[in-house]
Amino acid sequence: AANMALELDQTCEYAHAAVGWVALFCDWDWQKAKLSFERAIDLNPNPSYTYFGYAWYWVAAGRFDKAVDMMQTAVTLDPHSQVLNNQLANMYRFSGQFERAVEQRKKTLELAPGFVLAHGGLAEDYLCLSMYPEAIASVEKAMSLAGRTPLLIATLGRAYAMSGRKDEAEILLQELQDKGKSEYV
C-alpha cells in the first residue's frame, strides 16, 4: 500500500515512513530503511513515529548514540506518549546508560502507572544495575497487572538467579517448561 501511495505521490512522508518500517522489520533491508526514514523526515520533520522507526534503524546499525538522539526527538514531538517515552528508556539501556533508563522509565510510569511494558522494562534496567530487590519488585508489579506471562516469568527467574536465589529461579524455569508443553513460550 505504501509503495502504491508513492507511485501516486512521491512527497507523501507517511508512505516513506511506512516503507522504512517494512524495510527494517520485515525485509531487513537496512539501506532502504535508512533512506526511507531520511526521506520522510526531509518531507516533514514533525511525525514522531518516523523518528521512532529511525531510532530502531540505528539500533540495528549498532549506533546507540544515534538511536537515543532519534528517540529523544520523537519524545520531544510527542511528550505524552507512553510508548515513545518507554522506547527512549530502552534506547538508554541499549546504550549502557542504565541510570538514565531508570529515570526515563519512571517518567513513563508517571504518564501511565499501569503500563506493563514500562514496569517490565524497569525490571530489566534494575537488573543491569544489579539492583535485584528493585528488579524483583518491578517485575512483580508487572505480573500483578498482566498475569504470569512467559516473558515476565523469565524476567523474574533471571532476577532470582542473578540475586543468588537459585532454587526459586529453577522453580520458575520449570514453570516455563511446563507452560511450553501447551503454549508458545
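User: Is Ser36 buried or exposed?

Analyst: This is a predicted model, in which local features need pLDDT of at least 70, side-chain atom pairs count only at pLDDT 80 or more, and totals for chains, interfaces and linings use all residues. Buried means under 20% relative accessible area, exposed means over 50%, and partly exposed lies in between (1.4 Å probe, protein chains only). The relative accessible area of Ser36 is 8%, so Ser36 is buried.

User: Which residues does Ser36 touch, not counting residues up to four places away in sequence?

Analyst: Ser36 is found in helix H3. Helices are DSSP runs (H or I, at least four residues), numbered from the N terminus. A contact needs heavy atoms within 4.5 Å. Beyond four places in sequence, Ser36 touches His16, Ala17, Val19 and Gly20.

User: Which residues is Trp56 in contact with, leaving aside neighbours within four places in sequence?

Analyst: Distance in sequence and distance in space are separate things to check. Trp56 and Trp30 are 26 residues apart in sequence and 10 Å apart in space, C-alpha to C-alpha. The contacts of Trp56, with those neighbours left aside, are Leu24, Phe25, Gln87, Met91 and Phe94.

User: How far apart are the end C-alpha atoms of H4?

Analyst: The expected span of a helix is 1.5 Å times one less than its number of residues. H4 covers residues 48-60, so its 13 residues should span 18 Å. The model agrees, because the end C-alpha atoms of H4 are apart by 19 Å.

User: Which helices do the buried residues of H4 pack against?

Analyst: H4 is mostly covered, with ten of its 13 residues buried. Among them are Tyr51, Phe52, Tyr54, Tyr57 and Trp58. Their packing partners are helix H2 (13-27), helix H3 (30-43), helix H5 (64-77) and helix H6 (82-94).

User: Which helices do the buried residues of H6 pack against?

Analyst: Ten of the 13 residues of H6 are buried, so the rest of the structure largely encloses this helix. The buried residues of H6 include Asn85, Asn86, Gln87 and Arg93. They pack against H4, H5, H7 and H8.

User: Which helices do the buried residues of H8 pack against?

Analyst: Ten of the 13 residues of H8 are buried, so H8 too is largely enclosed by the rest of the structure. His119, Glu124 and Asp125 are among its buried residues. The buried residues of H8 pack against H6, helix H7 (98-111), helix H9 (132-146) and H10.

User: What is the relative accessible area of Ser130?

Analyst: H8 is followed by Ser130, which sits in the loop between H8 and H9. Ser130 has a positive phi of about 60° although it is not a glycine. Ser130 counts as partly exposed because its relative accessible area is 44%.

User: What is the relative accessible area of Trp28?

Analyst: Trp28 lies in the loop between H2 and H3. Its phi is positive, about 55°, although Trp28 is not a glycine. Trp28 is exposed, because its relative accessible area is 61%.

User: How much space lies in the largest pocket?

Analyst: Rolling a probe the size of a water molecule over the atoms shows where empty space is left. On a 1 Å grid over the protein atoms alone, a pocket is an open set of points where a 1.4 Å probe fits, with protein on both sides within 12 Å along at least five of seven lines; lining residues have an atom within 4 Å of a point. Points are joined across faces, edges and corners, and the volume is the space filled by probe spheres set on them. For the largest pocket, that space is about 310 Å³.

User: Which lining residues lie nearest the centre of the largest pocket?

Analyst: H6, helix H8 (116-128) and helix H10 (150-162) each supply at least two residues of the lining. The lining has 17 residues, and those nearest the centre are Asn86, Leu117, Gly120, Gly121 and Leu151.

Conventions. Residues numbered from 1 in each chain as written. Heavy atoms only, no water.
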